[in-house]
Amino acid sequence: MPASSHNTLQIGDVHITGLTDGSITFDPRILFPETPLEAWSPFHDRFPEYFEGQYFRNNLGSFVFTSNNQRVVADSGYGPHGDMIGYPAPGELIKDFERNGIGLDTINTVFLTHLHGDHVGWNLREDLPERPVTFPNARYRVHEADWNHFTSKELLDDPVGSETTQRSVMPLKEQGVLDLMDGETELAPGITAFPTPGHTPGHMSLLIASNNKRALLVGDILGSPMQATETEYRYTPDWNAEMGIKARKTILDQAEKENAIVLGSHLSYPGWGTLIRWNGRRYWQAL
Ligand SMILES: [Zn+2]
């Protein structure tokens, strides 16, 4: 068992390492067009690591879960694909695996919360000329509703809208390493994927439950830590705004009721915290 450090967490028998593809800094109005910049000011002191002036500094996180000699990685970052929503993305995830001494060939399962570009970017080794799969011994898992949505004729006919899918998702199918899920699925002992549609049609979250300890990986249900408080702000990446809000409220209520740690790719690195109440409002707070 590795010694505990700032980017590791133990939930019962499940060991978690927080990894990052780096972060991007951007104007929040791109993703929250109806929310004026000043609306975020009350959060500046609470999340100093998340703000650069009035801009967001958004982590592009991945997580490695180790349970009973099985390893699951959740999401694969944005990758070295240049700008993301108009701002440069660093593409550091492979280096971060190396820094943390986690061999890419030790991963058994790659769980994709959903098929947006900042979660699938390193499915393939974009730094190698032949672009092999990044995790040579892994099955890649995604909900079939996301596969069906992102590979629909309508989306594939749009060269811009389908760029990510063509580049980072279709090759998984072609190489026979993709397994679709149609509902709740145990990925390893104590690690269960379950559908939380709204952000995308097949968005999934993870429940980590071991020895009476619990954690929930909520994917992009929380695209930023502030959404634990401001659940109703319109978040344009949500495929279905109403379902997105409903999923957000449901999983936050669940986490609060079960006293579960809440993990997310876009929560402040290393990406986990608890829900607290302060002045009658709910906040995510880093551990
Ligand atoms: Zn995302």
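This is a predicted model: local features need pLDDT of at least 70, side-chain atom pairs count only at pLDDT 80 or more; totals for chains, interfaces and linings use all residues.
Trainee: What is the chain built from?

Mentor: The protein chain has 6 helices and 17 strands. Its C-alpha trace spans about 50 × 45 × 35 Å along the principal axes.

Trainee: How do you know that the radius of gyration agrees with a compact globule?

Mentor: We set one value against the other. A compact globule of 287 residues would have a radius of gyration near 19 Å, and the protein chain has 18 Å, so the two agree. As for its interior, 44% of the 287 residues count as buried. Of the contacts between residues at least 6 apart in sequence, 70% join residues at least 24 apart.

Trainee: Why is Gly91 called buried?

Mentor: The cut-off for buried is 20 or more other C-beta atoms within 10 Å. Gly91 has 21 such neighbours, so Gly91 counts as buried. You will find Gly91 in the loop between β7 and α1 (93-99). Beyond its neighbours within four places in sequence, Gly91 is in contact with Asp21, Gly22, Tyr78, Gly79 and Pro80.

Trainee: And why is Met243 called partly exposed?

Mentor: Partly exposed lies between the two cut-offs, 12 or fewer for exposed and 20 or more for buried. Met243 has 17 other C-beta atoms within 10 Å, so Met243 is partly exposed. Met243 belongs to helix α6. Leaving aside its neighbours within four places in sequence, Met243 is in contact with Pro197 and Gly198.

Trainee: What makes Asn259 and Asn279 stand out?

Mentor: Each has a positive phi although it is not a glycine: about 55° for Asn259 and about 50° for Asn279. Asn259 sits in the loop between α6 and β15, and Asn279 in the loop between β16 and β17.

Trainee: Are these two buried or exposed, and how do you know?

Mentor: Exposed means 12 or fewer neighbours. Asn259 has 11 other C-beta atoms within 10 Å, so Asn259 is exposed. Asn279 has 5 and therefore counts as exposed too.

Trainee: What makes one face of α5 the buried one?

Mentor: Start with the buried residues of α5, which are Thr164, Thr165, Ser168, Val169 and Leu172. Seen down the axis, they fall within an arc of 120°, so they line one face of the helix. The buried residues of α5 pack against α2 (117-120), β9 (139-143), α3 (144-150) and β10 (178-181). The face turned away from them carries the exposed residues Glu163 and Glu174.

Trainee: How do you know that α6 also has a buried side?

Mentor: The buried residues of α6 are Gly244, Ala247, Arg248, Ile251, Leu252 and Ala255. They cover an arc of only 120° around the axis, so they are on the same side of α6. On the other side, Glu242, Asp253 and Lys257 are exposed. What covers the buried residues includes β13 (204-210), β14 (213-217) and β15 (261-263). The span of α6 fits as well: its 18 residues should span 26 Å, and its end C-alpha atoms are 26 Å apart, which agrees.

Trainee: Which residues touch the most other members of the largest nonpolar core?

Mentor: Leu216, Val262 and Leu263 do, in a core of 54 residues. Helix α6 gives the most to this core, with 4 residues. A second, separate core has 9 residues, including Ile24, Phe47, Phe56 and Met84.

Definitions and conventions:
Residues are numbered from 1 along each chain as its sequence is written. A nonpolar core is a set of buried Ala, Val, Leu, Ile, Met, Phe, Trp, Tyr and Cys residues joined through C-beta atoms within 7 Å. Helices (H or I, at least four residues) and strands (E, at least two) are DSSP runs, numbered from the N terminus. The radius of gyration is taken over C-alpha atoms; the globule rule is 2.2 Å times the number of residues to the power 0.38. Two residues are in contact if their C-beta atoms, placed from the backbone, lie within 7 Å. The arc is that of the directions from the helix axis to the C-beta atoms. The expected span of a helix is 1.5 Å times one less than its number of residues.
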